[in-house]
Amino acid sequence: MKKNMRRSALVVCAAASALGLAAVPSSAVPSTVWTVNPSPAAFKAVNVGNIVLTATIPMTCTTSTAAGTMASATGNPGDVADITTMNFGASGSPCTSVLGNVTTTSVTPWDVVGVDYNSSTGVTKGYVGNVKANVTAGACKFTVTGKASGTYTNSTGVLAINSTAGELAVSNPVNCGAIVTPTTKPTFKGNYAVTVASTGAIPTIVGSNP
């Protein structure tokens with residue numbers, strides 16, 4: 001009888017421990033209040049290193065710029081900025097691929113969305129959403145839509161886009177053969193240095209959960 005009681009007590013303790021562990025989140029509660037400084041304000045961004053869109057084959061841009069507006073927001077996810085201009089390549093510096101030069105026409109606005117903030121590092125995790133771009137690589141044409149995961153670091157002002165396969169999708173491929181198809185899962189990777197358009201200062205994003 002004592003053995004059975006002891007065994008039952010152990011089972012209850014184990015179950016309670018398991019429930020307790022399950023109740024403790026693996027990370028901090030996601031941010032719901034986003035403080036952007038300055039807010040509202042216009043921003044501009046320029047690539048740091050190459051920007052690469054890969055849709056079976058890599059398409060590389062040595063020049064890429066963006067511009068838009070940013071503002072504080074509430075909610076999770078939180079829309080902290082809108083990209084109203086997104087350029088890939090420039091006159092005399094086109095994006096390139098094995099299929100030939102690449103022309104990308106962005107359909108904006110795109111959204112910069114915050115999901116979680118690490119106060120010890122000053123890094124916001126989130127994604128660039130509402131992405132849509134019409135891409136021409138040589139004779140191959142297709143449209144890319146979806147989102148691209150990324151981070152923003154307050155100390156450097158760098159928006160690092162590092163999408164994973166499945167976040168972006170291809171539609172309406174023309175003259176692409178088996179290289180780019182509707183089942184292709186493109187990725188978008190690259191870093192952008194962000195500054196306040198009027199001052200050149202680095203903006204900050206701070207997330208909290210009051």
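Let me start with alanine 193, which, leaving out residues up to four places away in sequence, touches Lys44, Ala45, Val46, Val48 and Gly157. Please keep in mind throughout that what we have on the screen is a predicted model. Alanine 193 sits in strand β14, and with a relative accessibility of 25% it counts as partly exposed. One of the residues it touches is Val48, and although alanine 193 and valine 48 are 145 residues apart along the chain, their C-alpha atoms are separated by 6.4 Å.

That brings us to the strand as a whole. Strand β14 runs from residue 187 to residue 196 and is mostly covered, since 7 of its 10 residues are buried. Which strands pair with β14? One of them is β2, residues 41-55, which runs antiparallel to β14 and is joined to it over 9 bridges; if you want to find this pairing on the screen, look for valine 48, whose bridge partner in β14 is asparagine 191. Another is β12, which is also antiparallel to β14, with 5 bridges between them, and here you can look for leucine 159, whose bridge partner in β14 is tyrosine 192.

Let me step back for a moment to the whole chain. It has 1 helix and 15 strands, and of its 210 residues, 37% count as buried. If we take the contacts between residues at least 6 apart in sequence, 65% of them join residues at least 24 apart. The accessible surface comes to about 10,900 Å², and 60% of that belongs to carbon and sulfur atoms.

Is serine 106 buried or exposed? It counts as buried, because its relative accessible area is 17% and the cut-off for buried is under 20%. A polar atom of the serine 106 side chain lies 3.0 Å from the backbone oxygen of methionine 86. Apart from its neighbours within four places in sequence, serine 106 is in contact with Met86, Phe88, Lys132 and Ala133.

The second residue is glutamate 167, which lies in the loop between β12 and β13. Glutamate 167 is buried and yet has no salt bridge, and the nearest side chain of opposite charge, that of lysine 147, is 4.9 Å away. The side chain of glutamate 167 does, however, reach the backbone nitrogen of threonine 164 at 3.1 Å. Not counting residues up to four places away in sequence, glutamate 167 touches Thr145, Gly146, Lys147, Ala148 and Ser149.

Another joins threonine 108 and proline 109, with omega at about 15 degrees, and proline 109 is in the loop between β8 and β9.

As for phi, asparagine 130 has a positive value of about 60 degrees although it is not a glycine. Asparagine 130 is in strand β10 and is partly exposed, with a relative accessible area of 46%. Asparagine 175 also has a positive phi, near 60 degrees, but its place is in the loop between β13 and β14, and at 62% relative accessibility it counts as exposed.

How values were computed. Residues numbered from 1 in each chain as written. Predicted model: local features only at pLDDT ≥ 70, side-chain atom pairs only at ≥ 80, totals over all residues. Heavy atoms only, no water. Buried < 20%, exposed > 50% of the residue type's maximum accessible area, 1.4 Å probe, protein only. Polar contact = N/O pair within 3.5 Å; in protein donor to acceptor, adjacent residues only side chain to side chain. Contact = heavy atoms within 4.5 Å. Helix = DSSP H or I, 4+ residues; strand = E, 2+ residues; numbered from the N terminus. Areas by Shrake-Rupley, 256 points an atom, 1.4 Å probe, with all protein chains shown as cover. Lys, Arg positive; Asp, Glu negative; His and termini not counted. Salt bridge = Lys/Arg side-chain N within 4 Å of Asp/Glu carboxyl O. Pairing = 2+ DSSP bridges.
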